Amino acid sequence: MDKNVIVLGIGRFGEATATKLYEKGIYVTAVDNNYKKIEKIANSVSSAIQADITEEVAMKSLGISNYDIAIIATGADLEASIQATLICKDSGVKQVIAKAISKSHARILTKIGADKIVFPELDTGERLAKMISGKNILDLTQFSSNYSLCEVKAKKEWIGKTLIELDFRNKYKVNVIAFKSRQNMILDFDPNLPIEKDDSLIVIGSNENADKLTEL
């Protein structure tokens, strides 16, 4: 398994994220203070642990620093959300993804170090799981109920070819709106420009077609 993820807070969003990640072959630890929630999810993740996500000693005893990604899935309890985010960042977790329920909540989480903020009304647990587990997806944002914007790293078979040669739009049913080459964003690009090894494409398309890209 390439990644291991710890999900802190097992409400509807946390449960959906944890179970979908596990289904995709990711090692997932689910943590919540509520024993009934842990009992319910135990057979659907790699491990399920009852613990207080706001207690630093408890989190460190779980080996929080060994996880590649921590998902702070609690949102209603702002203090718990903030505390858990701080503990994860202080413990050296590589990537901390935190759920926010308002713009002000998101600003606070960003200021204390959260690497990505998700809003439950836009970022469902299933879609977040696809973003994390997708080998070819760098970022995935659902900006409406029907469409997504994705940053996709160049696949091996694309390298050296142009969008026209690949018949990209017809083949993948998405539109390329920008190139990212060597960290430079190119909006006004030539479709005859060969795709290079470290390039990524910014594409827009239906949620269904964006999801198919995550499976490549």
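This is a predicted model: local features need pLDDT of at least 70, side-chain atom pairs count only at pLDDT 80 or more; totals for chains, interfaces and linings use all residues.
Residues are numbered from 1 along each chain as its sequence is written, and side-chain values use heavy atoms, leaving out hydrogens and water.

**Stop 1: two helices.** Select residues 78-90, helix H4, and residues 103-111, helix H5. (Helices are DSSP runs of H or I with at least four residues, and strands are E runs of at least two, numbered from the N terminus.) Their axes, lines fitted to C-alpha atoms over the stretch in contact, with angles from 0 to 180 degrees between N-to-C directions, lie 10 Å apart at an angle of about 20°. H4 and H5 are therefore roughly parallel to each other.

Now show the side chains of Leu78, Ser81, Ile82 and Thr85 on H4, and of His105, Ile108 and Leu109 on H5: these make the contact (heavy atoms within 4.5 Å).

**Stop 2: the largest nonpolar core.** A nonpolar core joins buried (under 20% relative accessible area, 1.4 Å probe, protein chains only) Ala, Val, Leu, Ile, Met, Phe, Trp, Tyr and Cys residues through side-chain atoms within 4.5 Å. Here it has 21 residues, and Ile6, Leu8, Val31, Met59, Ile72, Cys88 and Ile117 touch the most other members. H4 gives the largest share, three residues.

**Stop 3: Met59.** Select Met59 and look for its contacts, among them Leu8, Val31 and Ile87.

**Stop 4: another core.** Finally, pick Trp158, Leu166, Val176 and Leu213, which belong to a second, separate core of 17 residues.

Definitions and conventions:
Angles under 35 degrees count as roughly parallel, over 145 as roughly antiparallel, 65 to 115 as roughly perpendicular and the rest as oblique. Buried means under 20% relative accessible area, exposed over 50%, partly exposed in between (1.4 Å probe, protein chains only). Lists of a residue's contacts leave out its neighbours within four places in sequence.
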